[in-house]
Amino acid sequence: MAGLELVSSSRCFDGEVRKYRHASSATGCAMTFNIFLPDCAIAGTEKVPVLLFLSGLTCTEDNMVTKGGALPHLSRERIALVAPDTSPRGAGVAGEDADWELGTGASFYVDATQEPWKANYQMTSYVQSELQQLVADNFSVNASHISIFGHSMGGHGALVLALRNPGHYQSVSAFAPICHPSTTDWGKKQFHAYLGPDTETWAAYDATELAGRYDGPPLHILVDQGGDDQFYASKQLQPGDFAAAAANNKLHIQLTMRIPPGYDHSYWFVQSFMEDHISFHAKRLRP
C-alpha cells in the first residue's frame with residue numbers, strides 16, 4: 001500500500017483492526033489512524049461501506065476502537081470503521097502541548113488560518129479529503145457510501161463536516177457533541193486561536209449556525225446526549241440550540257435527539273448507545 005506503514009494488526013470479530021501511519025501533506029507531519037475491516041473487505045470479495053469516527057479532546061485514534069464497543073456491530077453489518085487521530089502530533093508548533101484544550105489532541109477539526117497553527121492544523125482538509133482518499137485507494141471499500149459520527153469535540157467535527165459537504169455523507173450522528181462552539185468556552189478559546197477574531201469565520205465551523213443555513217439534500221442526524229453529563233450541565237455543549245436550528249430547517253434536516261437520564265460524558269455512555277448508532281447508519285449505508 002503506497003504511502004501507508006502498517007503499525008499493528010489484530011484479529012477481532014471476524015475482521016481485523018489495523019493501525020497505519022503515513023506522511024500527511026495536509027498536516028505536514030506523520031498521522032496515524034485505525035481501521036476495522038470485516039473479512040469480506042480483507043478478502044476483497046465485497047466493497048464495504050465506511051463509517052468515519054472522530055474522537056474528542058485529549059483522545060487519539062485508539063479510544064474508539066478500544067472503548068466504543070462498535071466492532072461486533074460493524075462486523076455484523078459488514079461496515080468498515082476509520083478512526084483518525086484528533087490532531088497533528090509532534091509537529092513542533094510552539095505551545096502545542098501546553099494546554100489540553102488547545103493544540104495536541106484538541107484540533108477541533110478546523111483548517112487553522114492563524115499562526116502558529118496554520119501550517120499543520122489543517123484537520124478539515126485532512127479528514128475530509130486526504131484520509132478518505134487514502135482509504136478509498138487502499139482498501140476494499142465503497143467510497144460513495146460513507147457516513148460519519150463522533151463524540152464531544154469529534155461530534156462537533158462530524159456534524160460540521162456533514163453540514164459543510166451536502167450529499168457527501170449518507171448520515172451523521174454524535175454522542176454529546178459540542179453543538180454551538182461560537183457561544184461557549186469550548187469553542188471561543190479554540191476558534192480565536194485557530195481562526196482569529198472574526199466570528200463570521202467561526203460560523204463556518206459551528207454546527208448550530210450551519211444547521212440554520214443548510215439547504216442540501218435531506219440529512220439524517222442522530223444525537224444522544226447524556227442527561228447527567230457534567231459538560232451538558234455547565235452549558236458547554238448546547239444541544240438545545242442545535243435542536244432549535246434543526247427544527248427551523250425541517251425541510252433539509254431530519255434530527256432525532258435523545259437525552260437519556262443518568263448518563264455522563266464518558267465512553268461508558270458512548271458504548272451504551274453504540275449499537276443504536278451503528279444500526280442508524282447501516283440503514284442509510286445499506287438501504
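Biologist: Why is Asp85 called buried?

Modeller: In this predicted model, the relative accessible area of Asp85 is 4%. Buried means under 20%, so Asp85 counts as buried.

Biologist: And what makes Asp85 and Arg89 a salt bridge?

Modeller: Their side chains meet at 2.5 Å, N to O. The cut-off is within 4 Å, so the pair qualifies. Arg89 is itself partly exposed, because its relative accessible area of 32% falls between the 20% and 50% limits.

Biologist: Now to Glu96. Where is Glu96 in the chain?

Modeller: Glu96 sits in the loop between strand S5 (80-84) and helix H4 (123-138).

Biologist: How do you know that Glu96 has no salt bridge?

Modeller: The nearest side chain of opposite charge is that of Arg89, 9.0 Å away. A salt bridge needs a nitrogen and an oxygen within 4 Å, so Glu96 goes without one, although Glu96 is buried.

Biologist: What lies around Glu96, then?

Modeller: Leaving aside residues up to four places away in sequence, Glu96 touches Gly90, Ala91, Leu102, Gly103, Thr104, Trp117 and Tyr121. A polar atom of the Glu96 side chain is also 3.4 Å from the backbone nitrogen of Ala91.

Biologist: How many salt bridges turn up in the whole structure?

Modeller: The search finds 15. One of them joins the side chains of Glu275 and Arg76, at 3.9 Å, N to O.

Biologist: Why are Glu275 and Arg76 called partly exposed?

Modeller: Glu275 has 40% relative accessibility and Arg76 has 43%.

Biologist: What makes Asp99 and Lys189 a salt bridge?

Modeller: Their closest N and O atoms are 2.5 Å apart, and the limit is 4 Å, so the pair counts. This pair links distant parts of the chain, 90 residues apart: Asp99 is in the loop between S5 and H4, and Lys189 is in helix H6 (residues 185-195). Asp99, at 25% relative accessible area, is partly exposed, and so is Lys189, at 32%.

Biologist: Which residues do salt bridges with shared partners join into one network?

Modeller: Lys19, Glu61 and Asp62 are joined that way.

Key: Residues are numbered from 1 along each chain as its sequence is written. This is a predicted model: local features need pLDDT of at least 70, side-chain atom pairs count only at pLDDT 80 or more; totals for chains, interfaces and linings use all residues. Side-chain values use heavy atoms; hydrogens and water are left out. Helices (H or I, at least four residues) and strands (E, at least two) are DSSP runs, numbered from the N terminus. Buried means under 20% relative accessible area, exposed over 50%, partly exposed in between (1.4 Å probe, protein chains only). Lys and Arg count as positive and Asp and Glu as negative; His and the chain ends are not counted. A polar contact is a pair of N or O atoms within 3.5 Å; within protein, one must be able to donate a hydrogen and the other to accept it, and residues adjacent in sequence count only if both atoms are side-chain atoms. Contact means heavy atoms within 4.5 Å.
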